Every structure is written in C-alpha cells, then in structure tokens.
Amino acid sequence: MKVDQLKANLVQAICEGYADYCVNFCDQDGDSVTIDKLYLDSDGDVCLESNEYDNNDFSAQELLDELDRYSDKRDVYVYNDDIDTSFDIDEEDDDDDYDNLWYIGNDGYLYLDMSYDEDEDNTD
C-alpha cells in the first residue's frame with residue numbers, strides 16, 4: 001500500500017467520527033496488532049512497527065499526523081516486532097478507489113486488514 005491510500009482511509013474514518021479510535025491491523029489469521037512507532041526503513045519504505053510492550057498505540061488522528069511527514073508515494077507496511085514478521089496492508093486493486101478499507105469490528109475497535117505471504121519466510 002502507498003502512504004496516500006492509508007492516509008485517505010484514515011481521513012475517511014476520522015470524518016466519520018473515529019479520530020480517537022486506536023488503529024488496529026488484523027492479519028488473515030484473525031490476530032491484530034496496534035502501531036507503536038513509525039520510521040523509514042533501509043529501503044525508504046514507511047514501517048509501522050508494532051511492539052505490544054510499548055503501549056504507545058496511535059489513534060487514527062495521531063497516525064494520520066505522523067504519516068503527513070512522509071511522501072504519499074512511499075510504500076507503507078506493518079512490522080510486528082514480537083514475531084519478527086512484516087505484513088502488507090490490504091489495498092484495492094484500482095488505485096483510484098481508496099474507500100472502505102477500514103472498518104469497526106464487533107469489539108468496537110477501528111481495523112484495517114493486513115496479510116503476510118504464507119509461502120515466504122517472513123523473518124527479516
């Protein structure tokens with residue numbers, strides 16, 4: 001996913017009243033993580049890192065504010081430090097359709113889906 005697509009989805013969620021909701025990313029196994037820090041990795045991509053021990057979870061507005069520091073055309077992904085695995089954030093095939101990638105789960109939290117390639121070694 002590109003930064004602009006993630007930002008567009010966060011803006012949509014914020015406009016619908018979810019600015020203060022903690023952003024969760026859910027993988028294909030149903031496991032979810034929150035984001036504790038953002039940075040540029042060695043390839044120049046934006047890494048959204050999750051380390052559940054930090055307890056510095058970003059709300060939708062906080063994550064959007066942090067993403068504004070990066071070029072919209074950069075790739076962005078989730079890295080789960082606890083299991084040393086990187087995840088792609090699910091996106092639409094059509095680059096012009098940035099809507100409806102986020103949702104409110106049955107537990108009342110804001111989610112975006114992510115996935116890992118089951119055929120690859122996901123450790124860095």
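Six salt bridges are present in the structure. The model is predicted. The chain has 124 residues, and 44% of them are buried. Its secondary structure consists of two helices and eight strands.

**Fold and surface**

- Along the sequence, the elements run α-β-β-β-β-α-β-β-β-β.
- The accessible surface of the chain is about 6,800 Å². Carbon and sulfur atoms account for 37% of that surface.

**Salt bridge K73–D4**

- Side chains of opposite charge can pair when their charged atoms come close.
- K73 and D4 form a salt bridge through their side chains, at 3.2 Å from N to O.
- K73 sits in the loop between α2 and β5 (76-80), while D4 belongs to helix α1 (residues 3-18), so the bridge ties together parts 69 residues apart in sequence.
- K73 has 57% relative accessibility and therefore counts as exposed.
- D4 counts as buried because its relative accessibility is 14%, under the 20% limit.

- K7 is buried, at a relative accessible area of 13%.
- D68 is partly exposed, at 46%.
- D72 joins K7 and D68 in a network of salt bridges.

**Salt bridge R69–E66**

- The side chains of R69 and E66 meet at 2.5 Å, N to O, in a salt bridge.
- R69 is exposed, with 55% relative accessibility.
- E66 is partly exposed, with 24% relative accessibility.

**Negative patch**

- E52, D57, D81 and D82 gather on the surface as a patch of negative charge.
- E52 has 33% relative accessibility, so it counts as partly exposed.
- That value also meets the patch requirement of over 30% relative accessible area.

Definitions and conventions: Residues are numbered from 1 along each chain as its sequence is written. This is a predicted model: local features need pLDDT of at least 70, side-chain atom pairs count only at pLDDT 80 or more; totals for chains, interfaces and linings use all residues. Side-chain values use heavy atoms; hydrogens and water are left out. Patches are made of residues with over 30% relative accessible area and no salt bridge: like charges are joined within 9 Å, nonpolar side chains (Val, Leu, Ile, Met, Phe, Trp, Tyr) within 5 Å. Accessible areas come from the Shrake-Rupley method with a 1.4 Å probe; for residues, only the protein chains shown count as cover. A salt bridge is a side-chain nitrogen of Lys or Arg within 4 Å of a carboxyl oxygen of Asp or Glu. Lys and Arg count as positive and Asp and Glu as negative; His and the chain ends are not counted. The place of a charge is taken as NZ of Lys, CZ of Arg, CG of Asp or CD of Glu. Buried means under 20% relative accessible area, exposed over 50%, partly exposed in between (1.4 Å probe, protein chains only). Helices (H or I, at least four residues) and strands (E, at least two) are DSSP runs, numbered from the N terminus.
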